[in-house]
Amino acid sequence: MEGAIDSLKREFAGLRTGRASISLLEPVSVDAYGAQMPLNQVGTVSVPESRMLNVQVWDRKLVGAVEKAIRDSGLGLNPSSDGSSVRVPIPPLSEERRTELTKVAGRYAEQARVAVRNVRRDGMDQLKRMEKDHEISEDEQRRNSDEIQKLTDTHIKLIDDALQAKEAEIMQV
């Protein structure tokens, strides 16, 4: 269940909210040395300002490839290079883009809820099997089932709280 929440936080970090975040460029891969490489393996990403990302490319020959990879990533970013680094201004989000991003955040949260429920189902199945095989008593099975349900409820609430916070962050102008 913790893994589902960690995964959700990583996905939320990648959602663009109008503010610069290093995680925004995590999905970008660069065609370098004849292979696709993650951006963080060809340069250092930093946030010099709230609406600006800077990629310090280690090999000057790759500056053009990094710029092209960011432009073609589908993130709606327009990078510019200055020799050894690539500056990526983060444009403000339009109202329709904000509502679209809240829907995406909702889908991510629902996937996390489903993952938590799957873990609950697996735990419940295992308890039933253990009771059927007489490894635990019926009372123990019921007590453990209640504990699993409490854990599930707690994790679902954490997911809902994270979604609310992310939606507020996205809709903030």
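**Entry 1: Ser 84**

I began with Ser 84, which counts as buried at 19% relative accessibility; buried means under 20% relative accessible area, exposed over 50% and partly exposed in between, with a 1.4 Å probe and protein chains only. I note that this is a predicted model, in which local features need pLDDT of at least 70 and side-chain atom pairs count only at pLDDT 80 or more, while totals for chains, interfaces and linings use all residues. Residues are numbered from 1 along each chain as its sequence is written, and side-chain values use heavy atoms, with hydrogens and water left out.

I placed Ser 84 in the loop between strand S5 (80–81) and S6; helices (H or I, at least four residues) and strands (E, at least two) are DSSP runs numbered from the N terminus. Not counting residues up to four places away in sequence, I found that Ser 84 touches Val 55, Gln 56, Val 57, Arg 60 and Val 63, contact meaning heavy atoms within 4.5 Å. Its side chain makes a polar contact with the side chain of Gln 56 at 3.4 Å. A polar contact is a pair of N or O atoms within 3.5 Å; within protein, one must be able to donate a hydrogen and the other to accept it, and residues adjacent in sequence count only if both atoms are side-chain atoms.

**Entry 2: nonpolar cores**

I next looked up the nonpolar cores, each a set of buried Ala, Val, Leu, Ile, Met, Phe, Trp, Tyr and Cys residues joined through side-chain atoms within 4.5 Å. The largest has 22 residues, of which Leu 25, Leu 39, Val 55, Val 66 and Ile 70 touch the most other members. Strand S1 (29–32), strand S4 (52–57), helix H2 (63–71) and strand S6 (85–89) each supply at least two residues of this core, and H2 gives the most, with four. I also recorded a second, separate core of 17 residues, which includes Met 1, Leu 8, Phe 12 and Leu 15.

For Leu 39, leaving aside neighbours within four places in sequence, I listed contacts that include Leu 25, Val 28, Val 45 and Ile 70.

**Entry 3: Thr 152**

I found Thr 152 in helix H4 (residues 138–171), buried with a relative accessible area of 2%. A polar atom of the Thr 152 side chain lies 2.9 Å from the backbone oxygen of Ile 148. Beyond four places in sequence, Thr 152 touches Met 1, Val 116 and Arg 120. I also checked Ser 7, 145 residues from Thr 152 along the chain; the two C-alpha atoms are separated by 16 Å.

**Entry 4: positive phi**

Tyr 33, with phi near 55°, lies in the loop between S1 and strand S2 (35–38) and is exposed, with a relative accessible area of 60%. His 134, with phi of about 60°, lies in the loop between H3 and H4 and counts as exposed at 72% relative accessibility.

**Entry 5: composition of a lining**
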